[in-house]
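Subject: A structure to look through

Dear colleague,

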Amino acid sequence: MKSGAQRRAEILHRRGVRRTAERSDAVKDQALRAAKERAALLKNQVVVNVDKLRPTNSFGTPDFVARGFYADRPFNCKTCASPQVWTATQQRWWYEIAQGDVWTVAVLCRPCRRRERERRNDAREVHLAGLAKKASKR
Ligand SMILES: [Zn+2]
């Protein structure tokens, strides 16, 4: 039968081994990310800065995060169907500066986006004017 002190020493030893393993994994992850970043810079790519992305509750990983850099993304406008390219630089702005959700992508071309924004603002004004009118009647 082992004494309490012996058992305690064993547990502490096992914990120490496990912690060291976890730490070395983190170091490896960091080294891997740094290597990816250097390679991307050499190729003139737009590197993803994971720390600047908006937090997400999803367990998945967006493709650009896994890849480590943004890539131009061709798409057709949802409204006018014209072929468009969502550039790597525009993506970085959307995700890292505008704090856009990491699962959203561009679906409208520039003119359609502007038109949609105006339509939405007009609709909001009509809505608020209606509310004000209703409130003044009481
Ligand atoms: Zn369009």
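Cys-80 counts as partly exposed, because its relative accessibility is 41% (buried means under 20% relative accessible area, exposed over 50%, and partly exposed in between, with a 1.4 Å probe and protein chains only). Cys-77, by contrast, is buried, with a relative accessible area of 3%. Please keep in mind that this is a predicted model, in which local features need pLDDT of at least 70 and side-chain atom pairs count only at pLDDT 80 or more, while totals for chains, interfaces and linings use all residues. Residues are numbered from 1 along each chain as its sequence is written, and side-chain values use heavy atoms, with hydrogens and water left out.

Both cysteines belong to the zinc site, where the protein donors are the SG atoms of Cys-77, Cys-80, Cys-109 and Cys-112, lying 2.2 to 2.3 Å from the zinc ion (donors are N, O and S atoms within 2.8 Å of the metal, or 3.2 Å for Na, K and Ca; water is not among the atoms, so sites may look incomplete). The arrangement is tetrahedral because the four donor atoms subtend angles of 100 to 114° around the zinc ion, and four donors count as tetrahedral if all angles lie between 85 and 135 degrees. Along the chain, the donors follow the spacing C-x2-C-x28-C-x2-C. A search of the whole structure finds zero disulfides, a disulfide being a pair of cysteine sulfur atoms within 2.5 Å.

The UniProt record, an unreviewed entry, annotates residues 71–121 as "domain: Probable zinc-binding", although such annotations may be inferred rather than shown by experiment.

Helix 3 covers residues 88–97, and its buried residues are Ala-88, Gln-91, Tyr-95 and Glu-96 (helices, H or I with at least four residues, and strands, E with at least two, are DSSP runs numbered from the N terminus). Seen down the helix axis, these buried residues fall within an arc of 100°, so they line one face of helix 3, the arc being that of the directions from the axis to the C-beta atoms. Gln-91 has a relative accessible area of 4%, and, leaving aside residues up to four places away in sequence, touches Tyr-70, Ala-71, Asp-72, Arg-73 and Trp-86, where contact means heavy atoms within 4.5 Å.

Note on methods:
Tetrahedral: all angles 85-135°; square planar, octahedral: opposite > 155°, others 65-115°.
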